[in-house]
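Please open the model in your viewer and keep the selection panel at hand. The stops below follow one another, each with something to select.

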Amino acid sequence: MHIFVEIGPLKAYLKHQLTSHFSIGLVPTMGALHNGHLSLIQTSKKENHITVCSIYVNPIQFNNAADLEKYPRTLEQDIRVLQDAGCDALFCPGNSEMYREATRLKFDFGSLDKVLEGEFRPGHFSGVALVVAKFFNIVQPDRAYFGQKDFQQFKVISTLVEELKFDIQLICAPIIREHDGLAMSSRNVRLNTDERTRAVVLSQSLRESRDRLLKGESFSAIKKFVMDKCIQSNVRLEYIALADRENFSLLDNVREPGRGIILIAAYVGEIRLIDNLFLTEN
Ligand code: AMP
């Protein structure tokens, strides 16, 4: 695997691939890789000649200094994992390579970045969009791979691609879960044993909410049920919401199950976790 920390050599390598009519798949990550990330790498490898993974903990998308400082960084192990997975190139720049000076560029995604993650993490999506736009310009991939785990982020990036006319196909891959249902996340390693056990309440709440909604129960009753469930598990619920998965408008009841998504964010101890579930798989 080729490893690049600077943009110039990465571009030179990719330019050479392009002249050979190769297709390029990009998997942007913040590292501390787990099987969720690996599923994206594997899908990209199936669909492209060359797979590039980026590992970069993007400071401007963090709205909490402690979260940024404590974000797990395991580059040596990640390199081994990517090598074993057959990834072709890794781009792991430092901050000075990505931001020569403090950036003032901001994105506004309208109602999409005012709710849920956008509401609770002000500036987060603008920071994500900026770094992803940089990666798209640097790598110029044919396809880019993201997880449903961050579905609102996927919608933000879809809007970015549409608005800026990036000629890139976006792929949203299913959420990979632990055996008990907990969505895999780099932040899970920060949970202690007790917190790890309690964290299962997020995915359980989503599944029970989905089942109850599909049986016709009102979402307000379901919300109350989830709030109680989180209190019992000593988990601090930030939101549980039903939304239209196309436009992220928040809903009180299900009109079109095929467009519904339930989303949850909660603190387990100090660790903020998110998860979501489509009302119906289609
Ligand atoms: P991150 O390193 O957390 O920024 O995630 C990088 C990419 O991996 C994003 O597109 C995430 O949505 C995706 N991802 C994270 N966790 C999972 C998971 N459990 N299953 C599938 N994709 C995931």
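Begin by selecting Ile261, which stands opposite Phe278 in β10. This is a predicted model, in which local features need pLDDT of at least 70 and side-chain atom pairs count only at pLDDT 80 or more, while totals for chains, interfaces and linings use all residues. Residues are numbered from 1 along each chain as its sequence is written, and side-chain values use heavy atoms, leaving out hydrogens and water.

Now widen the selection to strand β9 (residues 260-268), which pairs with β10 in the antiparallel sense over 8 bridges; strands here are DSSP runs of E with at least two residues, helices are runs of H or I with at least four, both numbered from the N terminus, and pairing requires at least two DSSP bridges. In the hairpin of these strands, which has 2 residues between them, Gly269 takes a positive phi near 60 degrees.

Next select β10 itself (residues 271-278), where 8 of 8 residues are buried, buried meaning under 20% relative accessible area, exposed over 50% and partly exposed in between, with a 1.4 Å probe and protein chains only. Ile271, Leu273, Asp275 and Leu277 point one way from β10, whereas Arg272, Ile274, Asn276 and Phe278 point the other way.

Move on to Asp113, in the loop between α5 (95-98) and α6 (117-120), which is buried with a relative accessible area of 12%. A polar atom of the Asp113 side chain lies 2.9 Å from the backbone nitrogen of Phe109. Leaving aside neighbours within four places in sequence, Asp113 is in contact (heavy atoms within 4.5 Å) with residues including Phe107, Gly118 and Phe125.

Note on methods: Polar contact = N/O pair within 3.5 Å; in protein donor to acceptor, adjacent residues only side chain to side chain.
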